[in-house]
Amino acid sequence: MDQALFRQLVSEAYSLGAREIGLFAGAEPLACKWLEDYVAYCKRIGYEYQYISTNGSLGNPERFKALLDAGLSSIKFSINAGTRETYKRVHGRDDFEKVIGNVRSVSAYRKTLPQRIYLGASFVAMPDTAHEFDELQSLLAPHVDEVLYYEANNQSGQMADLPLVPFSECALPFNKLHVSLEGYIKACCNDYDNLLAIDDVKSMGLAAAWHSERFRELRQRHIDDRLEGTLCGKCLRGCSTKAMPINEKLVFMPVTERFRKGSA
């Protein structure tokens with residue numbers, strides 16, 4: 001995201017009442033070379049809680065220290081294996097020992113800080129890897145607050161080879177603000193093609209976008225359980241109908257083949 005746009009958006013969000021901020025969504029936050037500056041900027045504004053989820057492979061002890069010193073409140077490491085061999089197969093990189101070392105380093109450093117830092121790990125299980133959760137948990141239990149277990153799913157119908165895990169309801173369109181790197185307000189971060197992009201906040205501002213007609217209509221569809229034809233319908237109800245964009249002007253072009261064919 002453009003740095004000036006980032007500062008504008010987080011400042012506006014704070015003025016509207018936001019006090020927690022997640023500096024990640026759909027990508028690896030440590031790929032951002034100025035992440036420490038962003039954390040420090042949000043801290044200066046007054047944000048009370050800042051968090052990231054990272055695979056940890058791009059970091060090192062010095063960088064994690066810098067992020068915590070800048071004001072980061074929470075780090076969750078995504079480690080989807082309990083052994084080096086499985087990690088390499090799942091993640092595609094031989095970084096298991098490095099990531100475990102980073103977790104241990106953060107664990108040790110947070111004990112020297114006056115503020116409480118949450119440190120967690122998550123494990124996304126597939127049928128042939130689920131048995132390694134206990135191994136990862138045993139490895140990290142002395143260092144983290146918790147190790148979270150999730151079953152792999154097809155990401156709201158966007159990955160056809162994995163099972164769909166529908167949910168009964170979703171509060172995200174009502175209580176959580178997501179902004180894409182382009183500056184689009186979105187109803188969900190689990191949206192890779194901007195099918196749930198609502199409006200461009202660069203032209204109308206966060207408040208107007210949050211209360212826009214499109215966003216109000218989507219929320220009403222959630223309330224009325226009329227989600228057929230949206231990505232929300234695939235996630236919450238397992239709908240087979242092709243997911244159409246909320247705002248055709250903001251969808252990624254060309255739309256990925258799976259949505260053109262309606263197979264997702």
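Buried, as the word is used in these legends, means under 20% relative accessible area, whereas exposed means over 50%. The views below are taken from a predicted model.

**View 1. Helix H6 and its buried residues.** Helix H6, which spans residues 133-140, has Phe133, Leu136 and Leu140 as its buried residues. These three lie on the same side of H6, because they cover an arc of only 65° around the axis. An α-helix has 3.6 residues a turn, so residues three or four places apart point the same way. On the face of H6 that is turned away from this buried side, the exposed residues are Asp134 and Ser138. The cover over the buried residues of H6 includes helix H5 (96-110), together with strand S4 (118-125) and strand S5 (146-151).

**View 2. Leu140 and the largest nonpolar core.** Leu140, one of the buried residues of H6, touches Ile79, Ile100, Val103, Ala121 and Val147, when residues up to four places away in sequence are not counted. The largest nonpolar core of the model has 62 residues, and Leu140 is listed among those with the most contacts inside it, along with Leu23, Leu68, Ile75, Phe77 and Ile79. In soluble globular proteins, nonpolar side chains tend to be buried together.

View 3. Three strands, in the order S6-S7-S8, form an open sheet in which the pairing is antiparallel. Strand S6 (178-179) and strand S8 (197-200) are the edge strands, each of them pairing on one side only. Strand S7 (residues 184-186) is joined to S8 by three bridges, and these two strands run antiparallel. Helix H10, made up of residues 213-224, lies across S7 and S8 and runs at about 165° to S8.

View 4. The structure holds zero disulfides, and a disulfide would need a pair of cysteine sulfur atoms within 2.5 Å. For Cys235, the closest cysteine sulfur is that of Cys170, and because the two sulfurs are 6.6 Å apart they are too far from each other for a bond. Cys235 is itself buried, with a relative accessible area of 18%. For Cys239, the closest cysteine sulfur belongs to Cys232 and lies 10 Å away, which is likewise too far for a bond. Cys239 is also buried, and its relative accessible area is 14%.

Key: Residues are numbered from 1 along each chain as its sequence is written. This is a predicted model: local features need pLDDT of at least 70, side-chain atom pairs count only at pLDDT 80 or more; totals for chains, interfaces and linings use all residues. Side-chain values use heavy atoms; hydrogens and water are left out. Buried means under 20% relative accessible area, exposed over 50%, partly exposed in between (1.4 Å probe, protein chains only). Helices (H or I, at least four residues) and strands (E, at least two) are DSSP runs, numbered from the N terminus. The arc is that of the directions from the helix axis to the C-beta atoms. Contact means heavy atoms within 4.5 Å. Two strands pair if DSSP finds at least two bridges between them. Axes are lines fitted to C-alpha atoms, for helices over the stretch in contact, and angles run from 0 to 180 degrees between N-to-C directions. A nonpolar core is a set of buried Ala, Val, Leu, Ile, Met, Phe, Trp, Tyr and Cys residues joined through side-chain atoms within 4.5 Å.
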